[in-house]
Amino acid sequence: GNLPGLDELIALVNIFKIVDQHQFDVVVFDTAPTGHTLRLLSIPRSIDKVLRQLIQMKSWVGGLVNAMSGSLGVNATVNMDMMDELLPVIERLNKELKDPDITTFVCVCIPEFLSLYETERLIQKLTALDIDTHNVVVNQVVYPDKTECGTISCGLCASRAKMQTKYLEQIADLYEDFHVIKMPQMAVEVKGRSVLKRFGEFLVSPPDMTTKSVHDLVKDL
C-alpha cells in the first residue's frame, strides 16, 4: 500500500504546482472541515520525519529489503530510491507552507459556540505548525431590520442578533490583533454572478450596517 498520508501530500504538491505556473495572482484553496484540514496540513511535517528516519536506515535495511524482494519476486529498489527523490519535495512544501509571503490561512466562522471553538482550535494548530493566519471572516451576522422608531420588528431576528452579540464580543477579544471581517446574513441566497460579485466586494470593503439594512445591499441587483 501507499505511505500513509501520501494521497494528501500529492494534493498539496498539486496545489503548489498551480501556484508555480503563475497563471493567477492568488490561488484560493477551499479546505475541508477543521479536522480533515489539520490532518492535511500536518502531513508534510509528519512524512518529513518518517522519510529522514527511513533514509538513515536505508543503508543497512536496503540490502536486506533487496534480498527479500528478490526472493519474493518483488522489486523494492524503486521504492527505496523514491525516498531520496521525495525528501526535497517535502522540504520545499514545508518551507512554502510556512512562508507568509506565499501562504496564508483565512479562517471562516459564524458567531456561534461550536464554530468559534473550532476556529480557535484551528488557529492554535496553525500557529503550532508555523502557518500564517491573521484574517478571520465571520459569516452570517444578523443585522435585524428596524422601524422608524429604532425598534426591531422581527422577534426571531432580535433573538438571533442578541445571541450572536455574545460571540462577536468573544471574537473581538480573542482576535484583537487579527483582521476580522463581519459579513452580513444576506436577504437573498448568495448565488449567481451578480450576488457573488457583490458579496466578494463586501469581503474587501464591508458595508456600514449602522446606516443600511440587508435589503439595501442587493436592491440594485
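A: Let us begin with one side chain in this predicted model. The backbone oxygen of Leu 38 lies 3.0 Å from a polar atom in the side chain of Ser 42. The Ser 42 side chain also reaches the backbone oxygen of Arg 39, at 3.0 Å.

Q: Where in the chain is Ser 42 placed, and is Ser 42 buried or exposed?

A: Ser 42 belongs to helix α2, which covers residues 34-72. A residue is called buried when its relative accessible area is under 20%. Ser 42 has 18% relative accessibility and therefore counts as buried.

Q: How is the chain as a whole arranged, in the order of its elements?

A: The chain holds six helices and three strands. Read from the N terminus, their order is α-α-α-β-α-β-α-β-α. Of the 221 residues in the chain, 32% are buried.

Q: Which side chain does Asn 135 join through a polar contact?

A: The side chains of Asn 135 and His 134 are joined by a polar contact of 3.2 Å. Asn 135 is in strand β2, residues 135-141, and with 14% relative accessibility Asn 135 counts as buried.

Q: Where does Glu 176 lie, and is Glu 176 buried or exposed?

A: Glu 176 is found in the loop between α5 (155-174) and β3 (179-184). A residue is exposed when its relative accessible area is over 50%; Glu 176, at 64%, is therefore exposed.

Conventions
Residues are numbered from 1 along each chain as its sequence is written. This is a predicted model: local features need pLDDT of at least 70, side-chain atom pairs count only at pLDDT 80 or more; totals for chains, interfaces and linings use all residues. Side-chain values use heavy atoms; hydrogens and water are left out. Helices (H or I, at least four residues) and strands (E, at least two) are DSSP runs, numbered from the N terminus. Buried means under 20% relative accessible area, exposed over 50%, partly exposed in between (1.4 Å probe, protein chains only). A polar contact is a pair of N or O atoms within 3.5 Å; within protein, one must be able to donate a hydrogen and the other to accept it, and residues adjacent in sequence count only if both atoms are side-chain atoms.
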